[in-house]
Amino acid sequence: MSETEPAGTPLRLVFNGHALQARPGVSLLQAWIAAGLPLTENVGCMGQGVCGACRVLVRRPGERIAGTALACEMPAEEGMQISFIDHFPARRPHAYDLSALTDSWSIPDQIDAVFPEAKHCRHCSGCDRACPKGIPVQRMVNLAAEGQVFAAAALFDACVMCNLCVAACPEHIDPAHLGQFTRRMHAALTLRPADLMQRLRQIEAGEQPIDLDAPGASPPVQR
Amino acid sequence: MSDAGMTDGGMSGGIGFAAALAAWDAAAPAPARACGLEVADLLRGFHPDHRPGGMVSLVAGPNEGAPCPAQLAVLLQSDSLLEDVDLAGATILDADVLVLGGGGAGCVAALAAARAGARVLMATKLRMGDGNTVMAEGGIQAAIGAEDSLQRHFEDTLRAGHFAADKALVAALVGDGPDAIRWLIREGMSFDLADERQRMGGALLRKKPGGATAARLLSYRDFTGLELMRALREAVLLQPGITVLDGHPALELLTDDRGRCGGAALQDLGQRRLVLARAGATIMATGGAGRLHLAGFPTSNHYGATADGLVLAYRAGARLREMDSFQFHPTGIAWPPHLEGTLVSEAARSAGARLVNGQGERFVEELAPRDVVASAMLRELAEGRGIGRDGKLGLFLDTPSLEREQPGILAQRLQTLSHLAHRAGFDPAREPFLVRPTLHYQNGGMAIDTDGRSALPGLLAAGEVTGGLHGRNRMMGNALLELVVFGRRAGASAAADARQERPRNLGLNHLAGWRRGLVAAGLGLEAKGPLLFPPYGNVTPQDLRRRAA
């Protein structure tokens with residue numbers, strides 16, 4: 001991205017079938033751009049590593065198995081073979097209505113009703129290997145299936161919605177969506193801050209008026 | 001993405017990294033040096049909005065005569081990519097409400113419209129969620145503290161924006177703030193608590209954003225936007241009545257023979273074809289313009305932030321405001337080059353991290369409004385007190401002193417920041433970040449009323465694409481609040497409007513007059529817009545259209 005970077009021996013990569021060269025230190029996404037290839041998808045935050053759009057399969061020389069990564073975070077290495085992975089949604093939506101989850105005694109039943117596949121986890125660890133953020137996905141699935149909502153939700157704190165675990169799961173558990181289900185349930189059912197509720201009561205009672213013509217709402221008079 | 005900077009000679013050089021590190025180490029915690037300049041003079045002298053020759057006057061369209069950055073003016077005064085004949089044979093989709101953009105504002109608007117009974121089509125250029133919202137780190141403002149009030153939030157926002165904002169819009173923004181937080185919790189978003197054990201009846205953790213008179217910033221760790229977007233994405237996917245079209249950028253708005261907006265012409269990037277989305281009401285939620293790299297600055301924005309919505313709305317007759325005002329976030333990465341422009345959250349300064357120049361001095365109150373801090377930093381760089389490393393110039397963000405004063409804060413509260421340092425190849429507890437201002441936010445945009453309606457009938461707007469809420473400088477935490485408050489307002493208004501109006505006689509009716517205006521102003525029809533992707537995306541909209549043929 002800059003002309004003043006230190007020089008180094010160019011790295012050779014094969015990316016989506018294109019043989020290209022990259023400067024040492026650049027990310028796979030930057031290597032794609034620098035090679036002049038068109039970029040209209042598999043891109044979002046461009047380096048912050050939070051949007052999960054730039055999903056790739058990566059195989060290093062001598063490796064038998066290709067692994068998954070985010071192209072904006074993975075530095076280019078000599079001899080890498082890389083392929084973008086399209087985004088495709090889960091096979092079927094696991095439908096629930098968060099506002100209808102009013103009976104917290106029935107949480108295990110509700111998790112089982114919405115995600116019946118979760119109890120069929122075959123412990124293959126495919127989801128764990130797929131996750132570019134190192135989340136113990138399989139453990140989250142198992143905890144959620146046991147109704148341990150808080151523990152499951154905590155494990156999914158770092159999820160960036162890349163959905164690679166959804167693609168990896170042979171039982172169609174859709175771990176990413178299950179993880180978000182536990183996280184959303186955790187917040188929606190248990191987060192009740194008193195200070196927020198007090199302020200809402202005051203607003204509803206008309207005790208927080210806004211005066212558009214207050215002295216502080218206009219520039220200070222010039223001295 | 002190389003940076004020309006705002007001055008030619010002054011930016012080069014600076015103090016060498018090793019010497020600066022020694023000066024910092026000897027003086028830490030850094031002593032403060034007086035600014036010696038009035039705020040107005042500091043902004044006039046060093047803010048990129050004021051650099052000589054940066055602005056031109058618009059000569060066509062609703063804002064004729066208004067100042068605007070030259071690069072943006074070319075796009076705003078460009079001709080359409082489409083002709084009437086292109087519409088023939090295009091696939092047609094019908095909805096009550098069309099939402100353009102799939103970031104935070106688009107998702108909230110789609111949810112609000114669908115829950116008000118509308119059939120919603122949400123079209124987005126990239127993928128749902130892949131926008132600036134998910135990248136937001138610091139937090140969201142809402143006046144919930146006992147010592148705080150809606151009035152204080154109102155006045156703080158106006159003052160930070162140099163009193164250029166629309167008071168009615170700001171009152172709506174801050175007044176809906178606490179309810180917006182409750183709405184987000186109901187959607188399943190978590191917030192940090194003062195005491196994590198007190199989930200029921202406790203207090204939310206509050207921090208003080210730059211320019212505020214009270215601790216009002218609510219957060220989820222230092223990835224508040226990601227937490228917000230995760231909840232919204234699931235909500236949209238599960239909401240009956242919303243159809244999401246990823247990879248469908250808008251090329252033009254559709255207007256009827258009375259000039260009313262009735263949908264948009266979308267380019268289906270996957271199938272390489274044109275799709276006409278007809279709707280009773282259209283909500284513009286296309287975000288900002290950081291990827292135009294105004295004034296040659298790097299940007300913290302996502303890949304798609306190319307001002308497309310502004311271009312389409314302006315061409316169809318919507319009025320814009322404060323288009324000459326942009327926010328440069330003080331702390332973008334200056335080194336290493338492969339992370340240049342990436343944001344270091346204001347959460348670091350909120351927590352107490354100081355900015356230090358090459359002489360080991362503090363030179364600004366770190367929690368002053370962003371435009372003041374950024375200008376003070378650009379002054380240090382221009383006057384030779386910056387720090388040079390491998391040809392990149394920046395200033396220190398002193399994370400080691402922060403960690404010494406609040407042990408454990410980097411690992412617990414500033415995870416994104418620690419992760420970023422790791423990717424840059426250093427330990428933030430031992431070495432400071434090298435930072436410089438980065439193009440962050442479009443303060444102005446489409447003029448709207450408190451219901452989210454623009455001046456063009458049938459067209460509403462929400463989020464960064466709008467103007468009037470932030471005046472000439474946005475406070476930290478008001479962008480996430482804005483997208484929730486005005487997403488909800490625009491979504492509800494659009495659902496109501498769609499019940500009144502059905503589109504008829506739709507086409508590119510506004511283009512004949514627009515083209516006459518461009519020719520009359522001597523601009524010609526060569527420049528085309530919107531841009532869709534930045535130049536280093538190696539693809540133009542014309543390429544995409546040609547491949548479609």
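Predicted model: local features only at pLDDT ≥ 70, side-chain atom pairs only at ≥ 80, totals over all residues.
Good morning. Chain B and chain A bury about 6,100 Å² between them, and 56% of that area lies on carbon and sulfur atoms. On the side of chain B, the residues that lose the most area to chain A are B:Arg127, B:Arg199 and B:Arg230, which together account for 11% of what that side buries.

In terms of contacts, 75 residues of chain B meet 70 residues of chain A. Between the two chains there are 38 residue pairs in polar contact, with both residues at pLDDT 80 or more. Which elements of chain B give two or more residues to the side that touches chain A? They are helices H5 (150-160), H6 (167-175), H7 (177-186), H8 (224-238), H14 (415-424) and H17 (541-548) of chain B. Helix H8(B) supplies the largest share of that side, with ten residues. By residue class, the side of chain B that touches chain A comprises 38 nonpolar, 14 polar and 23 charged residues.

As for salt bridges, the count between chain B and chain A is five. One that may be inspected in the structure joins B:Arg221 to A:Asp157, where the closest N and O atoms are 2.6 Å apart.

I turn next to a sheet within chain B. Three strands of chain B form an open sheet in the order S13-S19-S21, and the pairing is mixed. Strands S13 (320-321) and S21 (466-467) of chain B stand at the edges; each has a single partner strand, so one side of each is left without a neighbour in the sheet. Strand S19 of chain B, residues 445-447, pairs with S21(B) in the parallel sense over two bridges. Within this part of the sheet, B:Ala447 stands opposite B:Gly467 in S21(B).

Some details of the backbone also deserve attention. Where in chain B are residues joined by a cis peptide bond? One such bond joins B:Trp335 and B:Pro336, with omega at about 5 degrees. B:Pro336 is placed in the loop between strand S14 (326-335) and helix H10 (347-350) of chain B. Another joins B:Gly529 and B:Pro530, with omega at about 0 degrees. B:Pro530 belongs to the loop between strand S22 (528-529) and H17 of chain B.

In A:Asp174, phi is near 55 degrees. A:Asp174 sits in the loop between helix H6 (164-168) and helix H7 (175-190) of chain A. Is A:Asp174 buried or exposed? Its relative accessibility is 3%, so A:Asp174 counts as buried. In B:His162, phi is about 60 degrees. This histidine, B:His162, is found in the loop between H5 and H6 of chain B. At 34% relative accessibility, B:His162 counts as partly exposed.

My last item is B:Ala28, in the loop between helix H1 (17-27) and helix H2 (39-46) of chain B. With a relative accessibility of 24%, B:Ala28 counts as partly exposed. B:Ala28 and B:Glu361 are 333 residues apart in sequence, yet their C-alpha atoms are 8.8 Å apart in space. Leaving aside residues up to four places away in sequence, B:Ala28 touches B:Ser401 and B:Arg404.

Thank you for your attention.

Terms used: Residues numbered from 1 in each chain as written. Chains lettered and ligands numbered in written order. Heavy atoms only, no water. Pairing = 2+ DSSP bridges. Helix = DSSP H or I, 4+ residues; strand = E, 2+ residues; numbered from the N terminus. Contact = heavy atoms within 4.5 Å. Buried area = accessible area lost by both parts, 1.4 Å probe. Salt bridge = Lys/Arg side-chain N within 4 Å of Asp/Glu carboxyl O. Polar contact = N/O pair within 3.5 Å; in protein donor to acceptor, adjacent residues only side chain to side chain. Nonpolar A, V, L, I, M, F, W, Y, C, P; charged D, E, K, R; others polar. Buried < 20%, exposed > 50% of the residue type's maximum accessible area, 1.4 Å probe, protein only.
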